[in-house]
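Me: I have a structure open and want to talk through how it is put together. Can we start with the strands?

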Amino acid sequence: SETNLWEQVDLYIEEKLIPADPVMDKILAANRLADLPPIDVTPSQGKLLRIYVQMIGAARVLEIGTLGGYSAVWMAGALRQGGKLVTLEADPRHAETARANFALAGLEDSIELRVGYALEQLEQLAKEGIEPFDLIFIDADKPNNPGYLQWALRFSHPGTVIIGDNVVRGGEIIDPHSTDPRVAGVRTFFDLLAGMPNISATAIQTVGSKGYDGFAIGIVTG
Ligand code: SAM
């Protein structure tokens, strides 16, 4: 089947370009052992996030939606010296697993995990006068994507890169009558992006071991 082919090609890419890393393998194993949903980014997507961090020389990264910390570890491993990744997670069980994974990866000092509903955490960060971020990865509950995008813009500076995951959803994204609140959330996210004069954005459709989906990427221009 097509899906099977996408999966095999993902494996081929991983074998060629993503050297086996016992720490990354242990993190995924820990997530499955803790019974976290298998919705971590794929290895090739994780590496893409890392490459983005390297491309822009990011020192400050914000992630909304930690799960077991797999994508956070991919990104934090490439932060500039002294850099920091702040990641937000609502589920205490996910957070506990992530915390152990950050220790396993030796990244406790560069990752700050905050537990609670992301919209509340974001408001709290604003109250604390948090410095802007260089890259923001939105990967939590999709119905709240519009709110996350607005906060992301608020925590940006010219040049900040904002990435949203799962924005194609098997193609359902083009269905204005979809009753899936995640589709509605992502459609509003697109509408907001379209109306933001200071973000230049696009979206890329993807296939792979996690099916047919895509990510949006934008850069804050002013
Ligand atoms: N970025 C992770 C990775 O690739 O390893 C995957 C994140 S997973 C797709 C989404 C996460 O967002 C879940 O762990 C879920 O518990 C969390 N989440 C859902 N709703 C949330 C909310 N309102 N606030 C914070 N986290 C939330």
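Me: Which residue of β7 does I204 stand opposite?

Reply: I204 stands opposite F215 in β7. Strands here are DSSP runs of E, at least two residues, and helices are runs of H or I, at least four, numbered from the N terminus. This is a predicted model, where local features need pLDDT of at least 70, side-chain atom pairs count only at pLDDT 80 or more, and totals for chains, interfaces and linings use all residues. Residues are numbered from 1 along each chain as its sequence is written.

Me: How many bridges pair β6 with β7, and in which sense?

Reply: Ten bridges, antiparallel, with β6 covering residues 199–208. Two strands pair if DSSP finds at least two bridges between them. β6 and β7 form a hairpin, with two residues between them.

Me: And how many bridges join β5 to β7?

Reply: Five. β5 (residues 161–165) and β7 (residues 211–220) run antiparallel. G164 stands opposite A216 in β7.

Me: What is the strand order in the sheet?

Reply: β3-β2-β1-β4-β5-β7-β6. The sheet is open, has seven strands and its pairing is mixed. β3 (111–115) and β6 are the edge strands, each pairing on one side only. The twist averages 15 degrees from one strand to the next.

Me: On to helices. What angle do α2 and α5 cross at?

Reply: Roughly 165 degrees, with the axes of α2 (residues 22–33) and α5 (residues 92–104) coming within 10 Å. Axes are lines fitted to C-alpha atoms, for helices over the stretch in contact, and angles run from 0 to 180 degrees between N-to-C directions. That makes α2 roughly antiparallel to α5. The cut-offs: under 35 degrees is roughly parallel, over 145 roughly antiparallel, 65 to 115 roughly perpendicular, the rest oblique.

Me: Which residues make that contact?

Reply: From α2, V23, K26, I27, A30 and N31; from α5, T97, A100, N101 and L104. Contact means C-beta atoms, placed from the backbone, within 7 Å. By class, five are nonpolar, three polar and one charged. Ala, Val, Leu, Ile, Met, Phe, Trp, Tyr, Cys and Pro count as nonpolar, Asp, Glu, Lys and Arg as charged, and the others, Gly among them, as polar.

Me: What about α7 and α8, what is their crossing angle?

Reply: Roughly 35 degrees. The axes of α7 (residues 145–154) and α8 (residues 181–195) come within 8 Å. N145, P146 and L149 of α7 meet G185, V186, T188, F189, L192 and L193 of α8. That contact has six nonpolar, three polar and no charged residues.

Me: Last topic, the ligand. How many residues surround it?

Reply: 19, and the closest are G65, S71, A90, A118 and D141. Near means a C-beta atom, placed from the backbone, within 6 Å. The shell has nine nonpolar, five polar and five charged residues. α4 (70–76) and β2 (84–89) each supply at least two residues of it.

Methods:
Contact = placed C-beta atoms within 7 Å.
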